[in-house]
Amino acid sequence: MIDDHVRVIKEFIAACGNTPEKVIPINNVLHDARTYYKIFTKRELLEFIANGGLEQLVFDKRKQWEKNFTQQRPLFVYSFKFKSLHLPGYIAIIENNIIGNWLLKSFHPPTKGNNPTLGDKFPNLIGHSEE
Amino acid sequence: MSQQIKCPVCGSTDISSSEHYELLSESYGGSKEIRLFQNFCNSCETPGDFEHRNDEIIQATVDELKAKVVVHILNDFVENGFSLSSMERALELPQRTLAKWKNTGKPSAAGVSLLKFIRCFPWLLDVAEQKFEFQSAQKIFVSTAYYFIANNSKYIDPLINKAESQSSSPLMTYTFNDNSITNMTINLHSSASNILHSDLTINRAPELSCTTR
């Protein structure tokens, strides 16, 4: 269970290549991909991930999804940090066991914008926000 | 219609839809405002494009802007006295490749990137002319940097500047003594708009001597 994030990210990357219809970008993911990474469509984004675009992938944290739609079964957000060439990035995914798909919840620079919060600057002191 | 849409997160069919406008921009291609659609699940409060309507609109707009990139960039070169045939020769492209990109409006992604590079840095054509030989490329790069410094570090669009310099005396001349370019001389002359008189001599890559009057 300790290395669950390894299984999660491996299966997610495989799903991006093999079953892209089961990977669903939600929230502002596609807008952020366009804005920050010049990735314009869902197909481009999933191909980028499936073809090793997430370099130097490092596990960030695992957290229960606060906006989970059912109380019966918890869903977990797995977040990772990565680099693409020189650009740093942050990706958060959810394995949606209830519907049987993957939710791509976040895809943006680690600290969005030019005004990082104190939480971004001192994560160990203040704690992590759900990005 | 909206009742048939299913939320991919929770499976609910209680979905509302909205529209918004977004501006897509492409360097050298301009901008275009497009209408995008967004769904919102009223059960789990998740927003997203559940109907996959936006990708097609965005892709079509990106293709349209990239086609404009090619036209704009090639027009910039042609208006500044460059011939497409000569550019194709220097870049080792088959003849009429650039014209085809311009006329069909369907350039390859690699072609658009190449054109953006030579539009940003027209001196890359000089590098191509020197067969991308590393030392020559470095010297052309250094001479361009010197030109930039000699102009009080003002950012000057070389293509626009070339049009101006054609009407007066040339601002900069390269002198290549041989193919390996062990010696290079740059003469900067005064023009009506910019008083400048400088000489730069490069003997070897590490040895730079420069006099400015």
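Tutor: Let's start with a rule: two residues are in contact if their C-beta atoms, placed from the backbone, lie within 7 Å. Keep in mind that this is a predicted model.

Student: With that rule, how many residues does the contact take from chain A and from chain B?

Tutor: Chain A gives 15 residues and chain B gives 15 residues. On the side of chain A that touches chain B, the elements giving two or more residues are strand 1, helix 3 (42–50) and strand 5 of chain A.

Student: Which classes of residue make up the side of chain A that touches chain B?

Tutor: That side has eight nonpolar, four polar and three charged residues. Asp, Glu, Lys and Arg are the ones that count as charged.

Student: Let's turn to the sheet of chain A. What is its strand order?

Tutor: The order of this open sheet of five strands is 1-5-4-3-2, and the pairing is mixed.

Student: What makes strand 1 and strand 2 of chain A edge strands?

Tutor: Strand 1 (23–25) and strand 2 (55–64) of chain A each have a single partner strand, so each has one side left without a neighbour in the sheet. On average, neighbouring strands here are turned by 25 degrees against each other, direction ignored.

Student: How do you know that strand 3 and strand 4 of chain A pair?

Tutor: Two strands pair if there are at least two bridges between them. Strand 3 (residues 76–84) and strand 4 (residues 87–96) of chain A have eight bridges, in the antiparallel sense. Eight bridges meet a cut-off of at least two, so the strands count as a pair. As an example of residues facing each other, Phe82(A) stands opposite Gly89(A) in strand 4 of chain A.

Student: Which strands does helix 1 of chain A touch?

Tutor: Helix 1 (residues 4–18) of chain A packs on the sheet and touches strand 1, strand 2, strand 3, strand 4 and strand 5 (101–108) of chain A. The direction of this helix makes about 70 degrees with that of strand 3 of chain A. Helix 2 (residues 29–37) of chain A lies across strand 1, strand 3, strand 4 and strand 5, running at about 35 degrees to strand 5 of chain A.

Student: Why is a set of residues called a nonpolar core?

Tutor: The residues must be buried, be of nonpolar kinds such as Val, Leu or Trp, and be joined through C-beta atoms within 7 Å. The largest such core here has 32 residues, and among those with the most contacts inside it are Cys16(A), Val23(A) and Trp102(A). Helix 1, strand 1, helix 2, helix 3, strand 3, strand 4 and strand 5 of chain A each supply at least two residues of this core.

Student: What does Val23(A) touch?

Tutor: Leaving aside residues up to four places away in sequence, Val23(A) touches Ala15(A), Cys16(A), Leu46(A), Asn101(A), Trp102(A) and Leu104(A). There is also a second, separate core of ten residues, which includes Val69(B), Trp101(B), Val112(B) and Leu115(B).

Student: Now chain B. How many helices and strands does chain B have?

Tutor: Chain B has seven helices and seven strands. One open sheet in chain B has three strands in the order 1-2-3, with antiparallel pairing. Its edge strands are strand 1 and strand 3 (47–48) of chain B, each pairing on one side only.

Student: How do you know that strand 2 and strand 3 of chain B pair?

Tutor: Two bridges join these antiparallel strands of chain B. Phe40(B) has Pro47(B) in strand 3 of chain B as its bridge partner. Between strand 1 (residues 15–26) and strand 2 (residues 30–41) of chain B there are twelve bridges. The hairpin of those two strands has three residues between them, and Tyr28(B) there takes a positive phi near 70 degrees.

Student: How confident is the predictor in chain A and chain B?

Tutor: On a scale from 0 to 100, the mean pLDDT is 86 for chain A and 78 for chain B. In chain A, confidence is highest in helix 3, at 97, and lowest in helix 5 (residues 123–126), at a mean of 55.

Student: Where in chain B does pLDDT stay under 50?

Tutor: That happens over residues 166–184 and over residues 187–213 of chain B. Where pLDDT is low, the predicted coordinates should not be read in detail.

Definitions and conventions
Residues are numbered from 1 along each chain as its sequence is written. Chains are lettered from A and ligands numbered from 1 in the order in which they are written. This is a predicted model: local features need pLDDT of at least 70, side-chain atom pairs count only at pLDDT 80 or more; totals for chains, interfaces and linings use all residues. Helices (H or I, at least four residues) and strands (E, at least two) are DSSP runs, numbered from the N terminus. Axes are lines fitted to C-alpha atoms, for helices over the stretch in contact, and angles run from 0 to 180 degrees between N-to-C directions. A residue is buried if 20 or more other C-beta atoms lie within 10 Å of its own, exposed if 12 or fewer, and partly exposed in between; C-beta atoms are placed from the backbone.
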